[in-house]
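Open the model in your viewer and keep the sequence panel beside it. We will go from one selection to the next.

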Amino acid sequence: MKAWRVNELGQPRDVLALEETADPTPNATEMLVKVLAAPANFPDVLMCRGEYQIKPPLPFTPGVELCGEVVSVGESVTKFAVGDRVIGNPSLPSGGFAEYSVLDQNNTFPAPSALDDAEASALSIGYQTAWFALHRRTQLLEGETLLVHAAAGGVGSAAVQLGKAAGAKVIGVVGGLDKAEYARKLGADLVVDRHSEDFVAAVKEFTGGKGADVVFDPVGGDAYAKSTKCIAFEGRIVIIGFAGGTIPQPALNHALIKNYSIIGLHWGLYKAYNQQAIDDCHVELTRLADAGLVKPLISERLSLTEVADGIGRLGDGTTVGRVVFQP
(Lines give C-alpha, C1' and ligand atoms only; values in the text may rest on other atoms or scores of the structure.)
Protein backbone atom coordinates (compact mmCIF):
# COMPACT_ATOMS: atom_id res chain seq x y z
CA MET A 1 0.00 0.00 0.00
CA LYS A 2 0.96 3.67 -0.21
CA ALA A 3 1.50 5.47 3.09
CA TRP A 4 3.00 8.75 4.26
CA ARG A 5 5.83 7.97 6.65
CA VAL A 6 8.04 9.99 8.95
CA ASN A 7 11.57 8.54 9.06
CA GLU A 8 13.12 11.44 10.97
CA LEU A 9 11.60 14.27 13.00
CA GLY A 10 11.21 17.79 11.64
CA GLN A 11 8.80 20.10 9.84
CA PRO A 12 6.01 18.17 8.06
CA ARG A 13 6.98 19.23 4.52
CA ASP A 14 10.58 18.14 5.16
CA VAL A 15 10.01 14.77 6.80
CA LEU A 16 6.81 13.34 5.30
CA ALA A 17 7.50 10.88 2.46
CA LEU A 18 4.96 8.91 0.40
CA GLU A 19 6.27 5.34 0.33
CA GLU A 20 5.25 1.82 -0.66
CA THR A 21 5.00 -0.33 2.43
CA ALA A 22 3.35 -3.53 3.63
CA ASP A 23 -0.25 -3.41 4.78
CA PRO A 24 -0.45 -3.16 8.59
CA THR A 25 -1.40 -6.34 10.46
CA PRO A 26 -4.17 -6.06 13.08
CA ASN A 27 -3.88 -7.87 16.40
CA ALA A 28 -6.70 -9.77 18.10
CA THR A 29 -8.68 -6.65 19.11
CA GLU A 30 -7.96 -4.62 15.98
CA MET A 31 -9.39 -4.24 12.48
CA LEU A 32 -7.74 -3.53 9.15
CA VAL A 33 -9.64 -0.74 7.44
CA LYS A 34 -9.54 0.78 3.99
CA VAL A 35 -9.14 4.50 4.58
CA LEU A 36 -12.00 6.48 3.02
CA ALA A 37 -11.05 9.87 4.49
CA ALA A 38 -8.57 11.23 7.05
CA PRO A 39 -8.56 14.85 8.27
CA ALA A 40 -5.57 16.98 9.18
CA ASN A 41 -5.19 17.75 12.88
CA PHE A 42 -2.67 19.88 14.75
CA PRO A 43 -1.37 16.82 16.65
CA ASP A 44 -0.16 15.51 13.26
CA VAL A 45 2.04 18.60 12.94
CA LEU A 46 3.39 18.19 16.47
CA MET A 47 3.98 14.47 15.93
CA CYS A 48 6.12 15.15 12.86
CA ARG A 49 8.17 17.59 14.94
CA GLY A 50 8.46 15.21 17.88
CA GLU A 51 6.62 17.70 20.08
CA TYR A 52 3.43 15.73 20.77
CA GLN A 53 2.80 13.86 24.04
CA ILE A 54 2.50 10.65 22.04
CA LYS A 55 5.80 9.78 20.32
CA PRO A 56 5.42 6.77 18.02
CA PRO A 57 8.60 4.87 17.09
CA LEU A 58 10.21 5.82 13.78
CA PRO A 59 9.21 5.29 11.06
CA PHE A 60 5.51 6.03 11.59
CA THR A 61 2.48 7.16 9.63
CA PRO A 62 0.64 10.17 11.15
CA GLY A 63 -3.10 10.73 10.89
CA VAL A 64 -4.93 10.54 14.21
CA GLU A 65 -8.51 10.02 12.99
CA LEU A 66 -10.23 8.55 9.95
CA CYS A 67 -13.34 7.18 8.34
CA GLY A 68 -12.85 3.75 6.87
CA GLU A 69 -14.39 0.48 5.71
CA VAL A 70 -13.57 -2.64 7.71
CA VAL A 71 -11.60 -5.11 5.57
CA SER A 72 -10.68 -7.75 8.16
CA VAL A 73 -11.08 -8.21 11.92
CA GLY A 74 -8.98 -9.76 14.67
CA GLU A 75 -10.18 -12.90 16.40
CA SER A 76 -11.39 -11.00 19.51
CA VAL A 77 -13.29 -8.25 17.68
CA THR A 78 -16.99 -8.40 18.55
CA LYS A 79 -18.26 -4.85 17.92
CA PHE A 80 -17.75 -4.62 14.14
CA ALA A 81 -17.77 -6.77 11.02
CA VAL A 82 -16.23 -6.70 7.54
CA GLY A 83 -17.93 -4.05 5.41
CA ASP A 84 -18.88 -1.73 8.29
CA ARG A 85 -18.26 1.99 7.75
CA VAL A 86 -16.56 3.27 10.87
CA ILE A 87 -14.75 6.27 12.33
CA GLY A 88 -12.04 6.28 14.95
CA ASN A 89 -8.48 6.80 16.04
CA PRO A 90 -5.85 4.61 14.34
CA SER A 91 -3.39 2.46 16.27
CA LEU A 92 -0.09 4.25 15.80
CA PRO A 93 2.44 3.85 14.22
CA SER A 94 -0.08 2.94 11.48
CA GLY A 95 -1.92 6.27 11.21
CA GLY A 96 -4.60 7.41 8.82
CA PHE A 97 -2.54 9.01 6.04
CA ALA A 98 -2.36 5.77 4.08
CA GLU A 99 -4.50 3.55 1.91
CA TYR A 100 -5.04 1.15 4.82
CA SER A 101 -4.82 1.57 8.58
CA VAL A 102 -5.55 -0.30 11.82
CA LEU A 103 -8.22 0.56 14.42
CA ASP A 104 -8.70 -0.99 17.84
CA GLN A 105 -12.37 -1.79 18.42
CA ASN A 106 -12.39 0.31 21.62
CA ASN A 107 -11.29 3.40 19.64
CA THR A 108 -13.82 2.82 16.86
CA PHE A 109 -17.44 3.91 16.37
CA PRO A 110 -20.13 3.50 13.70
CA ALA A 111 -19.94 6.30 11.14
CA PRO A 112 -23.12 8.45 11.29
CA SER A 113 -25.22 7.81 8.19
CA ALA A 114 -26.10 11.52 7.99
CA LEU A 115 -22.48 12.41 7.19
CA ASP A 116 -20.41 11.60 4.11
CA ASP A 117 -16.94 10.05 4.46
CA ALA A 118 -15.04 13.33 4.80
CA GLU A 119 -17.55 14.80 7.27
CA ALA A 120 -17.67 11.62 9.35
CA SER A 121 -13.87 11.41 9.53
CA ALA A 122 -13.78 14.80 11.30
CA LEU A 123 -16.39 13.93 13.94
CA SER A 124 -14.02 12.14 16.29
CA ILE A 125 -11.27 14.09 18.08
CA GLY A 126 -12.42 17.69 17.56
CA TYR A 127 -16.08 17.13 18.36
CA GLN A 128 -15.39 14.76 21.23
CA THR A 129 -12.93 17.26 22.72
CA ALA A 130 -15.34 20.16 22.33
CA TRP A 131 -18.27 18.16 23.73
CA PHE A 132 -16.31 17.11 26.83
CA ALA A 133 -15.11 20.69 27.31
CA LEU A 134 -18.56 22.25 27.06
CA HIS A 135 -20.74 19.59 28.66
CA ARG A 136 -18.59 17.60 31.07
CA ARG A 137 -15.98 20.11 32.24
CA THR A 138 -17.74 23.51 32.12
CA GLN A 139 -21.44 22.54 31.95
CA LEU A 140 -22.37 25.21 29.41
CA LEU A 141 -25.98 26.33 29.94
CA GLU A 142 -28.62 27.48 27.49
CA GLY A 143 -28.51 31.27 27.16
CA GLU A 144 -24.92 31.61 28.35
CA THR A 145 -22.23 33.32 26.25
CA LEU A 146 -19.43 31.12 24.91
CA LEU A 147 -16.17 32.66 23.66
CA VAL A 148 -14.29 30.35 21.27
CA HIS A 149 -10.68 31.04 20.31
CA ALA A 150 -9.40 29.70 16.97
CA ALA A 151 -13.05 29.35 15.96
CA ALA A 152 -12.17 28.38 12.38
CA GLY A 153 -9.82 25.59 13.46
CA GLY A 154 -10.58 21.90 13.89
CA VAL A 155 -11.55 21.84 17.55
CA GLY A 156 -12.73 25.47 17.62
CA SER A 157 -15.18 24.94 14.77
CA ALA A 158 -16.64 21.98 16.64
CA ALA A 159 -17.03 24.13 19.76
CA VAL A 160 -18.94 26.79 17.80
CA GLN A 161 -21.45 24.27 16.45
CA LEU A 162 -21.85 22.45 19.76
CA GLY A 163 -22.26 25.76 21.59
CA LYS A 164 -25.07 26.77 19.24
CA ALA A 165 -26.65 23.32 19.57
CA ALA A 166 -26.66 23.83 23.36
CA GLY A 167 -28.52 27.13 23.01
CA ALA A 168 -25.57 29.38 23.87
CA LYS A 169 -24.65 32.70 22.27
CA VAL A 170 -21.30 32.13 20.58
CA ILE A 171 -18.49 34.60 19.95
CA GLY A 172 -15.78 33.28 17.64
CA VAL A 173 -12.27 34.75 17.56
CA VAL A 174 -10.29 34.13 14.37
CA GLY A 175 -7.27 35.48 12.52
CA GLY A 176 -8.11 36.73 9.02
CA LEU A 177 -11.05 37.52 6.76
CA ASP A 178 -11.34 34.01 5.28
CA LYS A 179 -11.47 32.47 8.73
CA ALA A 180 -14.03 35.06 9.83
CA GLU A 181 -16.34 34.09 6.97
CA TYR A 182 -15.92 30.40 7.84
CA ALA A 183 -16.83 31.05 11.50
CA ARG A 184 -19.99 32.86 10.37
CA LYS A 185 -20.96 29.83 8.27
CA LEU A 186 -20.53 27.69 11.38
CA GLY A 187 -23.21 29.80 13.08
CA ALA A 188 -21.24 32.10 15.41
CA ASP A 189 -23.39 35.03 16.60
CA LEU A 190 -20.42 37.39 16.61
CA VAL A 191 -17.07 36.93 14.86
CA VAL A 192 -14.00 38.92 15.90
CA ASP A 193 -10.91 39.14 13.68
CA ARG A 194 -8.03 39.43 16.14
CA HIS A 195 -5.84 40.92 13.40
CA SER A 196 -7.92 44.09 13.32
CA GLU A 197 -10.21 44.03 16.38
CA ASP A 198 -9.88 43.84 20.17
CA PHE A 199 -11.88 40.81 21.28
CA VAL A 200 -11.96 41.99 24.91
CA ALA A 201 -13.85 45.14 23.97
CA ALA A 202 -16.06 43.18 21.57
CA VAL A 203 -17.02 40.64 24.25
CA LYS A 204 -17.85 43.34 26.78
CA GLU A 205 -19.98 45.24 24.26
CA PHE A 206 -21.79 42.08 23.09
CA THR A 207 -22.60 41.02 26.68
CA GLY A 208 -23.48 44.44 28.03
CA GLY A 209 -20.39 44.44 30.21
CA LYS A 210 -21.04 41.05 31.81
CA GLY A 211 -18.36 39.08 29.94
CA ALA A 212 -18.20 35.54 28.62
CA ASP A 213 -19.58 32.75 30.81
CA VAL A 214 -17.36 30.11 29.20
CA VAL A 215 -14.07 30.59 27.34
CA PHE A 216 -12.89 27.75 25.10
CA ASP A 217 -9.13 28.17 24.70
CA PRO A 218 -7.00 25.90 22.48
CA VAL A 219 -4.50 28.72 21.88
CA GLY A 220 -2.96 29.85 25.20
CA GLY A 221 -0.56 32.79 25.39
CA ASP A 222 -2.12 36.18 24.77
CA ALA A 223 -5.54 34.64 24.04
CA TYR A 224 -5.68 33.30 27.58
CA ALA A 225 -4.34 36.47 29.20
CA LYS A 226 -6.89 38.69 27.47
CA SER A 227 -9.71 36.23 28.18
CA THR A 228 -9.23 36.85 31.92
CA LYS A 229 -10.11 40.50 31.22
CA CYS A 230 -13.53 39.63 29.81
CA ILE A 231 -14.58 36.60 31.83
CA ALA A 232 -17.91 36.83 33.63
CA PHE A 233 -18.63 36.38 37.34
CA GLU A 234 -18.58 32.60 37.94
CA GLY A 235 -17.15 32.20 34.43
CA ARG A 236 -15.15 29.14 33.36
CA ILE A 237 -12.03 29.10 31.18
CA VAL A 238 -11.39 25.63 29.78
CA ILE A 239 -7.84 24.97 28.60
CA ILE A 240 -7.65 22.74 25.52
CA GLY A 241 -4.10 23.32 24.30
CA PHE A 242 -1.44 25.82 23.37
CA ALA A 243 -1.50 26.18 19.59
CA GLY A 244 -0.14 29.72 19.98
CA GLY A 245 3.11 28.23 21.28
CA THR A 246 3.11 29.89 24.72
CA ILE A 247 1.89 28.19 27.89
CA PRO A 248 0.28 30.80 30.18
CA GLN A 249 1.31 31.24 33.81
CA PRO A 250 -2.05 32.14 35.37
CA ALA A 251 -2.28 34.60 38.25
CA LEU A 252 -4.36 32.64 40.73
CA ASN A 253 -5.05 35.75 42.80
CA HIS A 254 -6.87 37.15 39.74
CA ALA A 255 -9.05 34.03 39.51
CA LEU A 256 -9.86 34.46 43.19
CA ILE A 257 -10.68 38.17 42.98
CA LYS A 258 -12.89 37.84 39.87
CA ASN A 259 -14.39 34.51 41.01
CA TYR A 260 -13.78 32.45 37.86
CA SER A 261 -12.58 28.90 37.29
CA ILE A 262 -9.63 27.61 35.25
CA ILE A 263 -10.37 24.10 34.03
CA GLY A 264 -8.14 21.69 32.12
CA LEU A 265 -9.28 19.13 29.58
CA HIS A 266 -7.16 16.19 28.39
CA TRP A 267 -9.64 14.22 26.32
CA GLY A 268 -7.25 11.32 25.75
CA LEU A 269 -7.22 10.48 29.46
CA TYR A 270 -10.86 9.38 29.27
CA LYS A 271 -9.68 6.36 27.26
CA ALA A 272 -7.76 5.21 30.35
CA TYR A 273 -10.19 6.33 33.05
CA ASN A 274 -13.70 6.38 31.57
CA GLN A 275 -14.15 4.74 28.17
CA GLN A 276 -17.92 4.66 28.71
CA ALA A 277 -18.00 8.47 28.70
CA ILE A 278 -16.41 8.47 25.24
CA ASP A 279 -18.90 5.90 23.98
CA ASP A 280 -21.80 7.93 25.38
CA CYS A 281 -20.42 11.09 23.78
CA HIS A 282 -20.37 9.43 20.35
CA VAL A 283 -24.02 8.43 20.75
CA GLU A 284 -24.90 12.06 21.51
CA LEU A 285 -22.80 13.39 18.61
CA THR A 286 -24.52 10.95 16.25
CA ARG A 287 -27.90 12.16 17.51
CA LEU A 288 -26.90 15.77 16.88
CA ALA A 289 -25.59 14.90 13.41
CA ASP A 290 -28.79 13.01 12.53
CA ALA A 291 -30.79 16.06 13.68
CA GLY A 292 -28.69 18.36 11.49
CA LEU A 293 -27.39 20.31 14.50
CA VAL A 294 -23.72 19.49 13.91
CA LYS A 295 -21.95 18.86 10.63
CA PRO A 296 -18.21 19.30 10.08
CA LEU A 297 -17.65 21.93 7.38
CA ILE A 298 -14.97 20.57 5.06
CA SER A 299 -13.07 23.42 3.44
CA GLU A 300 -10.67 21.27 1.38
CA ARG A 301 -11.04 17.72 0.08
CA LEU A 302 -7.58 16.70 -1.10
CA SER A 303 -5.98 13.57 -2.52
CA LEU A 304 -3.56 11.35 -0.62
CA THR A 305 -0.64 12.85 -2.60
CA GLU A 306 -1.31 16.28 -1.04
CA VAL A 307 -0.82 15.29 2.61
CA ALA A 308 2.63 16.84 3.13
CA ASP A 309 1.57 20.23 1.78
CA GLY A 310 -1.75 20.19 3.65
CA ILE A 311 -0.17 19.30 6.99
CA GLY A 312 2.52 21.89 6.34
CA ARG A 313 -0.06 24.61 5.72
CA LEU A 314 -1.92 23.57 8.87
CA GLY A 315 1.31 23.98 10.82
CA ASP A 316 1.80 27.42 9.24
CA GLY A 317 -1.66 28.47 10.38
CA THR A 318 -2.83 29.26 6.83
CA THR A 319 -5.57 26.63 6.46
CA VAL A 320 -9.23 27.52 7.00
CA GLY A 321 -11.64 24.96 8.43
CA ARG A 322 -11.26 21.21 8.11
CA VAL A 323 -8.82 19.83 5.55
CA VAL A 324 -9.51 16.19 4.67
CA PHE A 325 -7.49 13.74 2.54
CA GLN A 326 -9.32 11.05 0.59
CA PRO A 327 -7.31 8.20 -0.95
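A polar contact here is a pair of N or O atoms within 3.5 Å; within protein, one must be able to donate a hydrogen and the other to accept it, and residues adjacent in sequence count only if both atoms are side-chain atoms. This is a predicted model, in which local features need pLDDT of at least 70, side-chain atom pairs count only at pLDDT 80 or more, and totals for chains, interfaces and linings use all residues. Residues are numbered from 1 along each chain as its sequence is written, and side-chain values use heavy atoms, with hydrogens and water left out.

Start by selecting W267, in the loop between β12 and α10 (269-273); helices (H or I, at least four residues) and strands (E, at least two) are DSSP runs, numbered from the N terminus. Is W267 buried or exposed? W267 counts as buried because its relative accessibility is 10%, and buried means under 20% relative accessible area, exposed over 50%, partly exposed in between (1.4 Å probe, protein chains only).

Now show the side chain of Q128: a polar contact of 3.1 Å links it to the side chain of W267. Leaving aside residues up to four places away in sequence, W267 touches N89, I125, Q128, T129, F132 and I278, where contact means heavy atoms within 4.5 Å.

Next, select helix α4 (residues 125-137), which lies across β7, β10, β11 (231-239) and β12.

Finish on the open sheet of 6 strands, ordered β9-β8-β7-β10-β11-β12 with parallel pairing; two strands pair if DSSP finds at least two bridges between them. Its edge strands are β9 (190-193) and β12 (261-264).

Technical notes:
Axes fitted to C-alpha atoms, helices over the stretch in contact; angles between N-to-C directions.
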